[in-house]
Amino acid sequence: MNNKTNFLIIISIFSFLSCHHEVRQNIKSDVDYSNLKNIFRGNRYCSLNVAPMVDHRPKNETYDHNQKSASLFLPLILINIFNTAGPVFGEASNYDPHLRKSIDSLLKESLKLTNICSGKGKRYTLYPELKHYYGVRYEKNSFLIAAGIGLVSKFEFFPSAHVAFQLTLKETDTGKVVSTRYISENYLFNPTDPGLNINTSAFGPGAEILKATTRVPTIALHRLLTRLPYELETMLAQDHDIKVDQDSDPESFMLVRLTKEYDFNEIVIIEIKTGRILFNKITRRIFPIMSKPNEWVVAPVSVKTRRWLNKNDYHNLLNILNKFYKVSFKGNLTAATFSGVRDPKPDPVK
Amino acid sequence: MRKYSFYFYILIAVSCSTPTIMPNHNPGKLNNLKLSVPAVERISSKSVILYLEVDRTTSPIGAWLDDSDDQITPVMKTFVMANPGMVMFEKTALQLEKSGLKVYRLYNDQTYIPAAIKNNSILIKMTIENMEFHVRRTTDLKVYHLGRADISYKVQKNSKVFQGKTSVKGKTTENHDIFEVLAFHFCNTVKELL
């Protein structure tokens, strides 16, 4: 073999090794749902069974559908410029090969961890359907090929992810539908998030961007799992026959403000009689959306048991609060708007 | 080495690039839209209850900058990180308020609606089937936001239910809100039913 052939073989091996890293994921090891532990402090007396998840993703998310396509400018014999641009989806073959089973067991384990139901009482079954699960990035390439030279210009954008579920809650014995919900989560790659890294070289980000595109849906899934307990709480709260540990004589209440991006909640817990702030923290959103951004609303949540209040319990709480604070339903029917302290003010802290 | 650079670049190009175009996706169609400036017309009915029943938005696939070498701009980040379905819902509520209606926002299907409000209001249930956005920078460095939304709706008025589906499009400059334009077009579609 001459030098030219050797050179081509070496370059081919180098290219193969540098561009075909193992990127296949295992979502069970990637998703951390330990922060769901013991969210609720009181019982909801029912049992919840999770049916096997049905995979209803569109076909283009379940196989490697990225189509090679290019536009050709200046179709000359000596100089050619190719231009390609568009979204590049994470290759379905790189996702967890047992995606359906893995998500299935994650859902079951995470709900078990939260103790959402006591396990005794009326029986319910949750039917989850996976609607979307993908990572995608935008890419733009230009190739100039001429006699003796070849130039590549490449622009890569950070990958983002979308995960969506349709949840249907049914009474196990009668099959009656109690509630349905469509919940989804988006995530944009953030280089400061642990475990994600895209280093770029002269030839672009290489295989790391493939890994990142494959991994971002697991982060979206994780965020969605942290919202799941309270989404399910609101679904279960529709059945007023379920006995729930509630606080008949509440000493404190919870205010919630949604941030502009709908991603975070500012949570404040206030002692009713004194107006003293017992807790104030901004957290990633765990509650369903119940107001427009930057509006302080009284959360329909019991501070003592952390359970979602049904309509009657919520109105009882508002009646108590109304003696001390300005709470009213203005343009929001789901949660009462909080507008401050009534005069005379509550007794100051002693 | 120089004489082999051609093969080098060809090999890198073939092995590393995955040139793709999303099937059935043509942002060029949106680029032909004219700029829309919302103007709110007065609607006669007194109050509505607005509810976003289902949000099937998968917008991140549509958000990118074109003709630019920027990695991520604040504009693109806002598009991806925001909950676009809820933003659209809120902008629709604001547009209805601008038209003189009293709007009650409903965020949860288990919310208790007082009879006085329920009996005297028109219920609008929205389902956002799809939304997509593009940020386009022209050669003279002007930035345009383009958007499209497919929305199905149910309007319940005096025990009658009107159902429909609409596709709204819009284009704004960088300093205006594309959601506002889409919401304006949606409100114009449903206002005949109010």
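Predicted model: local features only at pLDDT ≥ 70, side-chain atom pairs only at ≥ 80, totals over all residues.

A: Let's start at the contact between the domains of chain A: 12 residues of domain 1 touch 10 residues of domain 2. On the domain 1 side, the touching residues split into 3 nonpolar, 3 polar and 6 charged. As for where the bounds fall, the assignment puts domain 1 of chain A at 20-236 and domain 2 of chain A at 252-341.

Now for the core. The largest nonpolar core has 106 residues, and B:Leu50, B:Met88 and B:Leu182 are the ones that touch the most other members. The biggest giver is helix H4 of chain A, residues 207-236, which puts in 14 residues. Both domain 1 (20-236) and domain 2 (252-341) of chain A supply residues to this core, so the core lies between them. As a general background point, nonpolar side chains tend to be buried together in soluble globular proteins.

Let's zoom in on B:Leu182. Setting aside residues up to four places away in sequence, B:Leu182 touches B:Met88, B:Gly147, B:Ala149, B:Val168 and B:Gly170. Those partners lead us to a pair of strands in chain B: E5 covers residues 143-157 and E6 covers residues 160-173, and the two run antiparallel with 14 bridges joining them. Within that pairing, B:Tyr153 sits opposite B:Gly164 of E6(B). The two strands make a hairpin with 2 residues between them, and B:Asn158 in the turn has a positive phi of about 50 degrees. B:Ser159 is also in the loop between E5 and E6 of chain B; its phi is positive too, near 65 degrees, although B:Ser159 is not a glycine. B:Ser159 counts as exposed, because it has 5 C-beta neighbours inside 10 Å.

Stepping back to chain B as a whole, there are 6 helices and 6 strands, in the order α-α-β-β-α-α-β-α-β-β-β-α along the sequence. Of the 194 residues in chain B, 41% are buried. Counting contacts in chain B with a separation of 6 or more, 73% join residues 24 or more positions apart.

Back in chain A, have a look at helix H5, residues 311-321, where A:Asp313, A:Tyr314 and A:Leu317 are buried. Down the axis of H5(A), the buried residues fall within an arc of 100 degrees, so they line one face of the helix. What they pack against is strand E9 (252-258) of chain A.

A:Val178 is in strand E8, residues 177-188, and counts as partly exposed because it has 19 C-beta neighbours inside 10 Å. Apart from neighbours within four places in sequence, the contacts of A:Val178 include A:Tyr124, A:Leu169, A:Met235 and A:Asp239. A:Asp239 is 61 residues from A:Val178 in sequence, yet their C-alpha atoms are 7.2 Å apart.

The other spot is A:Asn115, in the loop between helix H3 (99-114) and strand E5 (122-146) of chain A. A:Asn115 isn't a glycine, but its phi is positive, at about 55 degrees. With 18 C-beta neighbours inside 10 Å, A:Asn115 counts as partly exposed.

Note on methods: Residues numbered from 1 in each chain as written. Chains lettered and ligands numbered in written order. Helix = DSSP H or I, 4+ residues; strand = E, 2+ residues; numbered from the N terminus. Buried ≥ 20, exposed ≤ 12 C-beta atoms within 10 Å, placed from the backbone. Contact = placed C-beta atoms within 7 Å. Domains from an automatic or database assignment. Nonpolar A, V, L, I, M, F, W, Y, C, P; charged D, E, K, R; others polar. Pairing = 2+ DSSP bridges. Arc of directions from axis to C-beta. Core = buried A, V, L, I, M, F, W, Y, C linked by C-beta atoms within 7 Å.
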